[in-house]
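Take a look at the structure below.

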Amino acid sequence: MVLSRFFKRASTEDQAKIERSLEKTRRGVFGHIATLFQANELDDFFWEDLEALLIQADMGVETTEYLIGRLKERVKREGIKRSEDAYTLLKEEMIALLGDAPPAALEQPRLLTVVLVVGVNGSGKTTSIAKLAHYLTQQGKKVLLAAADTYRAAAIDQLRAWGERVGVEVIAHQPGNDPGAVVYDAIRAAQESRQADVVIIDTAGRLHTKYNLMKELEKIRKVCARQVHRAPHETYLVLDATTGQNALMQAKKFKEAVDITGVILTKLDGTAKGGVVFAIQRELGVPVRFVGTGEQVTDFAPFDPVAFVEGLLA
Amino acid sequence: MPMFETLSDRLQAIFDKVTRRGVLSEADVNAALREVRLALLEADVNYKVVKSFITRVRERAVGQESLRSLTPAQQVITIVYEELVRTLGEPGRLDLSGSPPHVIMLVGLQGSGKTTTAAKLALKLRREGHRPLMIAADTYRPAAVEQLEILGKQIQIPVYSEGTAAAPPDICERGVQHARQRGYTVVIMDTAGRLHIDEAMMAELEAIRDRTRPKEVLLVVDAMTGQDAVRVADEFNRRIGLTGIILTKVDGDARGGAAISVREVTGVPIKYLGVGEKLDALETFYPDRLASRILGMGDVMTLLEKAEQELDRQKALEAEKRLLEGTFTLEDFLEQLQELKKLGPLSQILEMLPGFQQVARQLPAEMTDKQLKRIEAIIYSMTPEERRNPRIINASRKRRIARGSGTTVEEVNQLLRQFRQMQQLMKQLRKGRFPGNLFGGFLRF
């Protein structure tokens, strides 16, 4: 299984990092969950408190109700009386909700892997790209970045600054130029002069409701597909963990436009819980692939549902 | 998708089952309030805030005598709406009293939109007659200083920066001094955001505040923020002392429930809304409009205001009269389309109309505007005689019109058919029945 492979490589150090970053979350809402399960009867108050806590973790009403429904059903069927046992079941159900992610295309061997990174403004795209580049470089891959956000002021400078920090070359044009052309050049460079293994494309942040900008993404996809077989191989949606239920709308729109294959969940080191990823997995089948857990370039790790839920509820 | 259903629709559905009139029973109110609660939670209003809000609404609603003119659903909606407006507080105003330069400090988490908001606010204040200066005090995020400088150039408002080497409190203090010497009347400081609340950031912000004594400390909050918004706002307010809130990215499809939470928890007024990528897209906050949006009732007030500014009232009245008399021709229709276009992209207009949000979301803006253009082209390719009397359009005329407008006979047929349907609907309207999809038919063109 790919995940186990990930986790062998994702060393204990990474594990510790996720643990640490989830610490705040745990002490926050999910910490309450642990308390809730310690000393409670499984009565109406218990269920209401559980609902309150899950909703405050941004799980959304629908997912929360689904989860509680499943839990109630199992508690009844399995004749569970003690809240600690219900707690174990909750963990199981949450892990089940995050599901078995299909193998990541990123990991499959090929001549050149193209990764497209999209997301709304301010979600942390550029930083995540730098972190992903660093992560892949650590694995011995040669990475090239394409600065296809030619729209936002100073976006290219920001990517260049990151490129320097992580020692990865950035292919860029002038601000305002055609992003498709940047992507074309970057892929050409990767295939020819630079001999890179992975190209990561930074795109302009856009609210998913902006039609023209979504069209531009579709065009970038086409440019990729023309140059490299089955490219882009991965399309990641960068999602801010503080985002509420609108994240589901974002994922939906981006999936329609560019068929996102995974989520990079950022800013998970804050107090936000990122509970909306449960709904994204459940409704759209899009798994979380990586988590951003801090401001350093190394604060980045592959996502594992088991570790995520364990960490949240521990 | 239940997500798209507006609260009004949901409540209507509940009360449709309860046809009796009189006093609102507790059971009716409870059923309705369950829906209200759901809607608010889906709009990301904080769980606890929802709870106290629902309690307030229940107190007002139970036992209230229903008004003859309103259905029970309308009545509950009205109470909810009024409570929301009250919770959201007063329309926003900046306090720029005292002697200039007035210092405005922007704070917020990373990615909330501080830098863009700084430029938008500067532009708005210049339009109101101020002489703004911006200070680039985010020395941490790569290229943040450059970003503000580029934005400053775009709107020709000067930016005070010292690169990234100096300490932000020093930069801010010297920047304010610079403003005083050069006679700037307003200073806007763009500070660094962190991924989350942390001690170092708060300490730095406190230092900036103490050394520049800002008149306004505005928290920039992303409208898409979830349940965590409460904690963020509360922390900033406790440490720095907020005077106002700017809600950004309101142009997306987030309901913006975070605004209610933040307002309720801090008691600080919301002052502006960021509503687009363009630098003039900063609007003064009005509680009634945001309340409508949160409830999915559409932003009727904004639309009315826009319409009043843009539409030629006289023409509209004439057209309306003809519309209702049934003497509405394709010529009138063309004129209406052109008036409609003045209001902005069609999807934006629809978004503001109650009950039309669903249509608007399904249709990308440019597509419908393109469709409008095609409709226009078809009508332009008709003779005046044909426009007044579409019945004379036979097969050969249709072929000519299609060629002339670069469309197909099929499309011409479709337009004619829909025009006839519209005339039909108008007749019903005259009889007092409101047609649910007046524009809907044309949008599926």
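## Where two chains meet

Helix α3(A) and helix α3(B) are oblique to each other, because their axes cross at roughly 125° and angles from 65 to 115 degrees would count as roughly perpendicular, while those over 145 would count as roughly antiparallel. This is a predicted model. The two axes come within 9 Å.

Which residues of α3(A) and α3(B) make the contact? From α3(A) come A:Glu48, A:Glu51, A:Ala52, A:Ile55 and A:Gln56. From α3(B) come B:Tyr47, B:Lys48 and B:Lys51. Sorted by class, this contact has 4 charged, 3 nonpolar and 1 polar residues.

## A helix pair inside chain A

Now stay within chain A. Helix α9 spans residues 211-227, and helix α10 spans residues 246-258. Their axes come within 9 Å and cross at roughly 45°. That angle makes α9(A) oblique to α10(A). The crossing of α9(A) and α10(A) is right-handed.

On the α9(A) side, the residues are A:Met214, A:Leu217, A:Glu218 and A:Arg221. They meet A:Lys253, A:Phe254, A:Ala257 and A:Val258 in α10(A). The contact of α9(A) with α10(A) has 5 nonpolar and 3 charged residues, and no polar ones.

## One residue in chain B

Is B:Thr117 buried or exposed? Its relative accessibility is 3%. Buried means under 20%, so B:Thr117 counts as buried.

B:Thr117 lies in helix α5 of chain B, which runs over residues 114-127. Which residues does B:Thr117 touch, leaving aside neighbours within four places in sequence? B:Thr117 is in contact with B:Leu106, B:Val220, B:Ile246 and B:Thr248.

## Chain A as a whole

Chain A has 12 helices and 8 strands. It has 314 residues, and 63% of them count as buried.

Contacts can also be sorted by distance along the sequence. Take those in chain A between residues at least 6 apart: 77% of them join residues at least 24 apart. As for the surface, chain A exposes about 12200 Å². Carbon and sulfur atoms supply 49% of that area.

Conventions: Residues are numbered from 1 along each chain as its sequence is written. Chains are lettered from A and ligands numbered from 1 in the order in which they are written. This is a predicted model: local features need pLDDT of at least 70, side-chain atom pairs count only at pLDDT 80 or more; totals for chains, interfaces and linings use all residues. Side-chain values use heavy atoms; hydrogens and water are left out. Helices (H or I, at least four residues) and strands (E, at least two) are DSSP runs, numbered from the N terminus. Buried means under 20% relative accessible area, exposed over 50%, partly exposed in between (1.4 Å probe, protein chains only). Contact means heavy atoms within 4.5 Å. Accessible areas come from the Shrake-Rupley method with a 1.4 Å probe; for residues, only the protein chains shown count as cover. Axes are lines fitted to C-alpha atoms, for helices over the stretch in contact, and angles run from 0 to 180 degrees between N-to-C directions. Angles under 35 degrees count as roughly parallel, over 145 as roughly antiparallel, 65 to 115 as roughly perpendicular and the rest as oblique. A crossing is left-handed if the near helix is turned anticlockwise from the far one by less than a right angle, and right-handed if clockwise. Ala, Val, Leu, Ile, Met, Phe, Trp, Tyr, Cys and Pro count as nonpolar, Asp, Glu, Lys and Arg as charged, and the others, Gly among them, as polar.
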